[in-house]
Amino acid sequence: SALRMSISKKDAKGEVPAERAETGAALVGSQVFIFGGTRFSEGLNDMYRLDTNDWAWHKVEMKGMEYG
């Protein structure tokens with residue numbers, strides 16, 4: 001049998017991150033993490049988590065880490 005997939009747009013809530021390019025992303029269970037990237041040539045050093053159960057964004061506080 002053939003695998004069927006679909007794409008749909010979801011309305012996210014919470015601390016939605018700014019648009020960015022060149023970011024890193026990882027899926028861990030039902031959580032999507034994004035880190036850093038660039039926005040208008042400015043380097044970003046932040047991390048956000050999207051909970052795909054309720055489509056809520058959360059800013060992840062990082063301590064003792066530097067992006068170089």
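Q: What makes β2 and β3 paired strands, and in which sense do they run?
A: Strands are DSSP runs of E of at least two residues, numbered from the N terminus, and two strands pair if DSSP finds at least two bridges between them. β2 and β3 have five bridges, so they count as paired, and the sense is antiparallel. Within this pairing, alanine 25 has isoleucine 34 in β3 as its bridge partner. The model is a predicted one, in which local features need pLDDT of at least 70 and side-chain atom pairs pLDDT 80 or more, whereas totals for chains, interfaces and linings use all residues. Residues are numbered from 1 along each chain as its sequence is written, and side-chain values use heavy atoms, leaving out hydrogens and water.

Q: What links β4 to β5?
A: β4 and β5 (residues 56-60) pair in the antiparallel sense over five bridges. Methionine 47 has valine 60 in β5 as its bridge partner. Four residues lie between the strands of this hairpin, where tryptophan 55 takes a positive phi near 55°.

Q: Why is one side of β1 and of β2 left without a neighbour in the sheet?
A: The open sheet has five strands in the order β1-β5-β4-β3-β2, with mixed pairing. β1 and β2 stand at its edges and each has a single partner strand, so one side of each has no neighbour there.

Q: Why is the contact of arginine 20 and aspartate 46 called a salt bridge?
A: The term requires a side-chain nitrogen of Lys or Arg within 4 Å of a carboxyl oxygen of Asp or Glu. The N to O distance here is 2.7 Å, so the pair qualifies. Arginine 20 lies in the loop between β1 (13-14) and β2 (24-28), and aspartate 46, 26 residues apart from it, lies in strand β4. A search of the whole structure finds one salt bridge.

Q: Why is aspartate 54 called partly exposed?
A: Buried means under 20% relative accessible area and exposed over 50%, with partly exposed in between (1.4 Å probe, protein chains only). Aspartate 54 has 37% relative accessibility, and therefore counts as partly exposed. By contrast, arginine 20 and aspartate 46 are buried.
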